[in-house]
Amino acid sequence: MGFLADSQNGGGGGGGVQYSSGFKGLIRRKQVDSVHSNSSSSSGGHGRPQLAKELSILHLIAIGVGSTIGAGVYILVGTVARDHSGPALAFSFLIAGIAAALSAFCYAELASRCPSAGSAYHYSYICVGEGLAWLIGWALILEYTIGGSAVARGISPNLVQCMLSDALLFGGADSLPGFLARQTIPGLNIVVDPCAAILVFFVTGLLCVGIKESTLAQTIVTTANICAMIFIIIAGGYLGFKTGWVGYELPVGYFPYGVDGMLTGASTVFFSYIGFDSVASTAEEVKNPQRDLPLGIGAALSICCLLYMSVSAIIVGLVPYYAMDRDTPISSAFAIHGIHWAAYIITIGAFTALCSTLMGSLLPQPRILMAMARDGLLPSFFSDVNKRTQVPVKGTVVTGLIAAMLAFFMDVEQLAGMVSVGTLLAFTMVAISVLILRYVPPDKVPLPSSLQAAINSVSLRYSCIAEDIEVDNTKISGGISSGDVTPLLVKAEAPAPIKYPLIARAEKVIQNEDNRRKIAGWTIMLTCIGALVLSTAASNVTLPSYLRLTICGFGGILLLSGLIILTCIDQDDARHTFGHSGGFICPFVPLLPIACILINLYLLVNLGASTWMRVSIWLVVGIIVYLFYGRTHSSLLDAVYVPAAHVDEIYSSSSANPSP
């Protein structure tokens, strides 16, 4: 009867349901930011400050390309070509780009539907629940902190290389000044890097000035990096046509390591595409998020894939793959052909790539901290937005301080694998969120307890309507007047649906919809389990072959069955109105998200035991923080969940009858 009956189970004390503690507290989901939610917070006297909407599609492309193309590509080309792909290196980059595009499609839909700060944490909180969303946010904090520190530690050697190139070509100093050079602390055997810390502080100050100004700086640096890569493509192409592409005229053919080697190379270079998710973290600062976010993500990934493939195809053609230098493959390729001065341009390209990646690493984290603080899971200190610059300055400063300390004191190279864990967990959760959004989107919406009076009023109204209908049905099915001499048996045969045929039909539709949601929900869960089982068994070569094949078969059956069931059943009609409509729609659902889940889980399983041990310690710390702080300070602690169909009516009732 209405949604009053739900409160009896949820303990809300009125219309609606409350999930305040226990397991239900872990699965409570928040609402997509809307006019209603913003206005409700504002009416309470403490409306949250909004970030500046300054970004256009060109800014997003600059952020995406700058965050993705790091200096690794200048080294990765030689390593992967020699050990895995050979001349087929360009195909490895293409396959890895297609795999990354699967996650990009999922990000594009969720970013346009839920355009608020927080990226994968925000989407997980809306679609999955608070518990898993917290773990994703906590993992992303680790990713961006260590990622930024690792990038900063890599800048000073490239600066030294720039100085050496400048000394060889033009004369001048061949090393950094003493106060910038790396020093070893006597007795502690700790190598400190003042240059890395200073660069982190500089980028932090730039990010505090404003999103438009920092994005402009990143655009300039990214453009310099792209120009260096274009030089490699044009000059290398000229040398290739001049010398006859000796790297492709080999007796071993195009696939010296076979297709398996090419696929192994693709799994290695996949991580060079990580960075486009930084675009999604700026969703709240985009002028037209429904249009620009999907285009920005897609364009950035396409540009990166094109540049990667072009550079790799050129370099592999200039030098046979087995003769490539592991450390400086591109510079060595030009030097073999007598163009030694190209090393100067290539070194500048690597340096600018690192600077751009550093900006891309430090930009998203303050926004994720801000989103978590807005939800009450972190102290409100991180949710403060500077009124002048409209940037989360406090969170940015804290992020910069921690990253600078790590870059100054620690050699974080051995922790670099932990960056991949956070990214792949986020990619996996985003794909799962797309499946949930399409098949079982949240049908209950959290509203603040301040609207309890309006919720009770609307609930009572629907309860009265339901009771009136029930009374009418009772009269029709069993009501007999005193003067009626027709036998009771004959009267009882007159069915109630003749009077109200739509009531029984509506009840049947509701029951069928509930069954469909249950089937879809269980299928999504079993599909994810199947993908995990298949990935784990396929990666564990130590298992006996018969046991490994059996487990792979079991996981494959679960995965394939889930795909077939989700393809056959209808998607939820509420998907058309969920969140902000009019944006990008992910194609090939459920096939595309399931393939994305499988690929990301396979890469996660293969990261190594030592990496997972370090990440597990960080996640355990996160669970402790959540249990002792986040769980008890969540903004949804006192929220009342009501059917999504009645939200507008509740807000209208609240506006018409404001509480004193």
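This is a short tour of the structure, stop by stop, for your viewer.

The model is predicted, so local features need pLDDT of at least 70 and side-chain atom pairs count only at pLDDT 80 or more, while totals for chains, interfaces and linings use all residues. Residues are numbered from 1 along each chain as its sequence is written, and side-chain values use heavy atoms, with hydrogens and water left out.

**Whole chain.** Start with a cartoon view: the chain has 25 helices and four strands. These are DSSP runs numbered from the N terminus (helices: H or I, at least four residues; strands: E, at least two). Of the 660 residues, 50% count as buried; buried means under 20% relative accessible area, exposed over 50% and partly exposed in between, with a 1.4 Å probe and protein chains only.

Next, select residues 119–127, which make up helix 7. Nine of its nine residues are buried, among them His122 and Cys127. Just after this helix, Gly129 takes a positive phi of about 155 degrees. Move on to Glu130, in helix 8 (residues 130–170). Glu130 counts as buried because its relative accessibility is 0%. Leaving aside neighbours within four places in sequence, its contacts (heavy atoms within 4.5 Å) include Gly25, Arg28, Leu377 and Arg631.

**Salt bridges.** The chain has 13 salt bridges, each a side-chain nitrogen of Lys or Arg within 4 Å of a carboxyl oxygen of Asp or Glu. Show Lys30 and Asp375, whose closest N and O atoms are 3.1 Å apart. The two partners sit 345 residues apart, Lys30 in the loop between helices 2 and 3 and Asp375 in the loop between helices 16 and 17. Lys30 is buried at 12% relative accessible area, and Asp375 is buried at 8%.

Then pick Glu284 and Arg374, which meet in a salt bridge at 2.8 Å, N to O. Glu284 is in the loop between helix 12 and helix 13 and Arg374 is in helix 16, so the pair ties together parts 90 residues apart in sequence.

Now go to helix 21 (residues 501–539), where Arg516 and Glu513 lie three residues apart, about one turn of the helix. Their side chains form a salt bridge at 2.9 Å, N to O. Arg516 is buried at 12% relative accessibility, whereas Glu513 is partly exposed at 31%.

**Last stop.** Finish in helix 24 (residues 609–633) with Val620, which counts as partly exposed at 46% relative accessibility.
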